[in-house]
Amino acid sequence: MTAPPPSGLDRLLSDPTRLAIMSVLCAAQWCDFAFLRDAVSLSDSALSKQLATLKKDGYVEQRRTYAGRVPKTSVQATGEGRQRFLGHVEALRMIVERTRSPQTG
């Protein structure tokens, strides 16, 4: 008999791209858009779409500044986004631990 999945799994973070984005953002304060794009190997438009989804659900916030006329976008995980990410990671860790030491019975 298999145990039910642990609580704490986050449906939004089940997408590997959003999980990768949040892992980068949770390791930093504010992250430059271009750095994040390169770190997760996405195009500008693909990253923008994923960030819009994460922003809509309260995982990230964005800040736009200008150097002269050149816009610069920075992103950070919100407190709630960090908590959800860490809860999701812990739930994944529990799944992995369960497979390392199968319970007898």
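Is V75 buried or exposed? V75 is buried, its relative accessible area being 0%; here buried denotes under 20% relative accessible area and exposed over 50%, with partly exposed in between (1.4 Å probe, protein chains only). The model is a predicted one, in which local features need pLDDT of at least 70 and side-chain atom pairs count only at pLDDT 80 or more, while totals for chains, interfaces and linings use all residues. Residues are numbered from 1 along each chain as its sequence is written, and side-chain values use heavy atoms, with hydrogens and water left out.

V75 lies in strand β3; helices (H or I, at least four residues) and strands (E, at least two) are DSSP runs numbered from the N terminus. Not counting residues up to four places away in sequence, V75 touches L25, Q29, W30, C31, L51, V60, E61 and Q62, contact meaning heavy atoms within 4.5 Å. Q29 is 46 residues from V75 along the chain, yet their C-alpha atoms are separated by 8.4 Å.

Strands count as paired if DSSP finds at least two bridges between them; β1 and β3 pair over two bridges in the antiparallel sense, and C31 stands opposite V75 in β3.

The buried residues of α3 are L47, Q50, L51 and L54. Seen down the helix axis, these residues fall within an arc of 100 degrees, so they line one face of α3; the arc is that of the directions from the axis to the C-beta atoms. The face turned away from this buried side carries the exposed residues S45, K49 and K56. The buried residues of α3 pack against α1, α2, β2 and β3.

In helix α1 (residues 16–25), the buried residues are R18, I21, M22, V24 and L25. Their arc, viewed down the axis of α1, is within 160 degrees, so they too line one face of the helix. They pack against β1 (31–32), α2 (33–39), α3 (44–56), β2 (60–67), β3 (70–77) and α4 (79–100).
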